[in-house]
Amino acid sequence: MREALDPWNFVIAAFAIGIGGTLAMVAWSWLTMRRAEARRDATRQDRAREL
Amino acid sequence: MHRLANPARFLRIARWLTPAFLLSGLVLAGLALGWGLTRVAPDHLMGETVRILFIHVPAAWLGMAGWMTIAGASLAELAWRHPLAGIAARAAAVPGAVFTAICLATGSIWGRPTWGTWWVWDGRLTSMLVLLFLYFGYIALADAAAKQGEGRARVAAIFGLVGAINVPIINRSVVWWNSLHQPPSITMGGSSIDASYLVPLLAATLGSSLIFAGVVLARMRALLADQQAEARLRRKAMAAA
Amino acid sequence: MLVIALAVLAGAALLAAWALRNQASYFYVPSEIVASPPEPGRAVRLGGMVEKGSLRTQADGVTLMFVVGDGKARVPVRFSGIAPSLFVEGSGVVAEGKMRADGTFVADNLLAKHDENYVPRELEDMDQHQARQVVSETR
């Protein structure tokens, strides 16, 4: 008796994890970078009293 | 090298290089994966599941390359006190860990239909899991060190250097020990991967590497910006007091 | 100081890797099993190539008999159950199970071990020359 699994389920799952993980990482790193740079630029303008 | 050491000069270059790396990497990797998913022929033995190659192999390469980045930058930090080196080492940790996790997850998914198991404790799989835990340890250590300042940063750098021992172990594990994982397909002597797989594989690897470089630059900019913002707030607090 | 510490750590890691070299193997090959047979009943893994022409399915339809070899020694194996789809003659296998006193290996699980070659199905039966011809024709 030999196993007969549908290979496409595994292919789709692997691509979903790989692509989803990579895109999530790119989006997260881009957004945290933008937020951090916006915060720095806010401290640069002399608005210390408002912060 | 030291021309790049100046954070202002680095930021001027990274401002356009970050989106350039990310966009070109996403386009190239996307095309290569689309081709690999729809255009290549099934493998003689494993059939359709061979397509997982195009996700799994670039992730494995970047998981290891990520730690070599940490180790190289840590060495520069310890030996030459390079001002951006510590930032670069910390920036490589998250993308390296993400690619290592993708490598482990897709490898597991690939193992089930081909080997007949989700996981085995053989040399290759175990040493790759150790790499993921090393990343977790490094991220925790480097973040804690960054909050406490100068002296502690050396501890994270030493950890980054020592952990690099695991990378050649991963690489050689399938040669040193009998393992369920097959030996390397691409060696100095050539490749045992047919060209119809090898070309999209190399394209996906190059594209993923560009994405990795773009994410490292984005993380470096974020860490630098945090550092600068905190330094300014501290100065202002001192001036006010 | 730092250099010395790193050198010591690197040395320790290399030593550990060296020590692991002979311990961390995932399976035994047939020549090791034949040279020093594990005591019957101890759980071990046997890995090697499924010899071409050796695979037989018993009358019950679920019991497989085959021979695992490594070029130097051969071990007969019996397995009842579902084999992975890549389990074929002439390819690699890792069998989990026990050695019996009569020299057969009784497996309760089979894992398929494939090699490092990735070749499309259509090209497999051709030799290099034919394959090159096909490639040049499709250009």
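Predicted model: local features only at pLDDT ≥ 70, side-chain atom pairs only at ≥ 80, totals over all residues.
View 1. Leaving aside residues up to four places away in sequence, Tyr138(B) touches (heavy atoms within 4.5 Å) Trp67(B), Ile70(B), Ala89(B), Arg90(B), Ala93(B), Ala156(B), Phe159(B) and Gly160(B). Residues are numbered from 1 along each chain as its sequence is written, chains are lettered from A in the order in which they are written, local features need pLDDT of at least 70, side-chain atom pairs count only at pLDDT 80 or more, and totals for chains, interfaces and linings use all residues. Side-chain values rest on heavy atoms, with hydrogens and water left out.

**View 2. The largest nonpolar core.** A nonpolar core is a set of buried (under 20% relative accessible area, 1.4 Å probe, protein chains only) Ala, Val, Leu, Ile, Met, Phe, Trp, Tyr and Cys residues joined through side-chain atoms within 4.5 Å. Here the set holds 74 residues, and Tyr138(B) is among those that touch the most other members, as are Phe10(B), Trp67(B) and Tyr118(C).

**View 3. A second, separate core.** This one has 18 residues, including Phe66(C), Val75(C), Phe79(C) and Phe87(C).

**View 4. Where chain C meets chain B.** Look here for 35 residues from chain C and 40 residues from chain B. Together the two chains bury about 3300 Å² (accessible area, 1.4 Å probe, lost on being put together and summed over both), with 64% of it on carbon and sulfur atoms.

How values were computed
Buried < 20%, exposed > 50% of the residue type's maximum accessible area, 1.4 Å probe, protein only.
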